[in-house]
Amino acid sequence: MKRYLTLGYGAAAYLLFLAAFLYLIGFVGNLAVPRSVDRGLAAPVAAAIPINAALVALFGVQHSVMARPAFKRWWVRLVPSTLERSTYVLLSSVVLALLYWQWRTMPTVIWDVRMPPARAVLWALFWLGWAIALLATFLINHFDLFGLRQVYLASRQKPYTSVEFRVRLLYRVVRHPLMLGMLIAFWAAPTMTAGHLLFSIGMTTYILIATQLEERDLVASLGHPYREYRREVSMLLPIPRRQATGTARQG
């Protein structure tokens, strides 16, 4: 029964993440969702700015702090190690849902691209960004990243083993293609409002901080192979360097 409960918990956390991720696409693009970055709660600008900034900051803090090895070592004293990743995914989805629910509309238009070809290019970049982000998760191991592999192995009473990280496809171009895809999606807006701009700036700030923290952890856990990888491949901008040919292991 415990094994089935573990597997069910992981599956539920993953499904909640999937819903939160799909809603994020609609939220940023103002597509097919009741509340979006430009269709939130009404509020004066003086109230909307700190509330929206706090919502983005809450997501950033939760997402970054819970991903740190030191926090994980403390956290698994309270949560079974097999459920650590699923719980992280679950709480990240809850924080995103809170952001969707409490987001305040800031409708002032910063830019509005009217030319149809230019708008089409921006929409194409919007969808390309999400495609890059999703593909990046499968290039490392989508199901391990979101906790399903951990609970599956636990349900089969098999020990967890780290997933080998291979430098291939997008990871030969940038070290963090998932983050790059998100940045493209957040900024590729044919119509940019003040609310969307605040969201994009806040998420960009989070990404820049989070990637630096993750880089530090990867160097600490992987050592020389990752330092070589850093010399070969740029972090976020696809700037050509020496070709990446090695492999490393994800911590």
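In the protein chain, residues 24 or more positions apart account for 75% of the contacts with a separation of 6 or more, a contact being a pair of heavy atoms within 4.5 Å. The model is predicted, so local features need pLDDT of at least 70 and side-chain atom pairs count only at pLDDT 80 or more, while totals for chains, interfaces and linings use all residues. Residues are numbered from 1 along each chain as its sequence is written, and side-chain values use heavy atoms, with hydrogens and water left out.

The chain contains ten helices and four strands. These are DSSP runs numbered from the N terminus (helices: H or I, at least four residues; strands: E, at least two). Along the sequence their order is α-α-α-α-β-α-α-α-β-α-β-α-α-β. The radius of gyration is 19 Å, close to the 18 Å given by the globule rule for 251 residues, so the chain is as compact as a globular protein of that length. This radius is taken over C-alpha atoms, and the rule is 2.2 Å times the number of residues to the power 0.38. A box of roughly 55 × 50 × 25 Å, taken along the principal axes, holds the C-alpha atoms. Of the 251 residues, 46% count as buried (buried is under 20% relative accessible area, exposed over 50%, partly exposed in between; 1.4 Å probe, protein chains only).

Helix H8 is mostly covered, with eight of its eleven residues buried. The buried residues are Pro 177, Met 179, Leu 180, Gly 181, Met 182, Leu 183, Ala 185 and Phe 186. Their cover includes helix H1 (2-29), helix H5 (116-140), strand E3 (191-193) and H9. Met 182 belongs to this helix, which spans residues 177-187, and it counts as buried because its relative accessibility is 14%. Leaving aside residues up to four places away in sequence, Met 182 touches Leu 24, Gly 129, Trp 130, Ala 133 and Ile 207. Between Met 182 and Ala 131 the C-alpha distance is 9.3 Å, although they are 51 residues apart in sequence.

The axes of helix H9 (residues 194-222) and helix H10 (residues 224-232) come within 6 Å and cross at roughly 135°. H9 is therefore oblique to H10. Axes are lines fitted to C-alpha atoms, for helices over the stretch in contact, with angles from 0 to 180 degrees between N-to-C directions; under 35 degrees is roughly parallel, over 145 roughly antiparallel, 65 to 115 roughly perpendicular and the rest oblique. On the H9 side, Glu 215, Leu 218, Val 219 and Leu 222 meet His 224, Pro 225, Tyr 226, Arg 227 and Arg 230 of H10. The residues of this contact divide into five nonpolar, one polar and three charged (nonpolar: Ala, Val, Leu, Ile, Met, Phe, Trp, Tyr, Cys and Pro; charged: Asp, Glu, Lys and Arg; polar: the others, Gly among them).

Most residues other than glycine have a negative phi. Asn 30, in the loop between H1 and helix H2 (45-65), has a positive phi near 55° and is partly exposed at 23% relative accessible area. Leu 169 also has a positive phi, of about 50°; Leu 169 lies in the loop between strand E2 (164-166) and H8 and is exposed at 57%.
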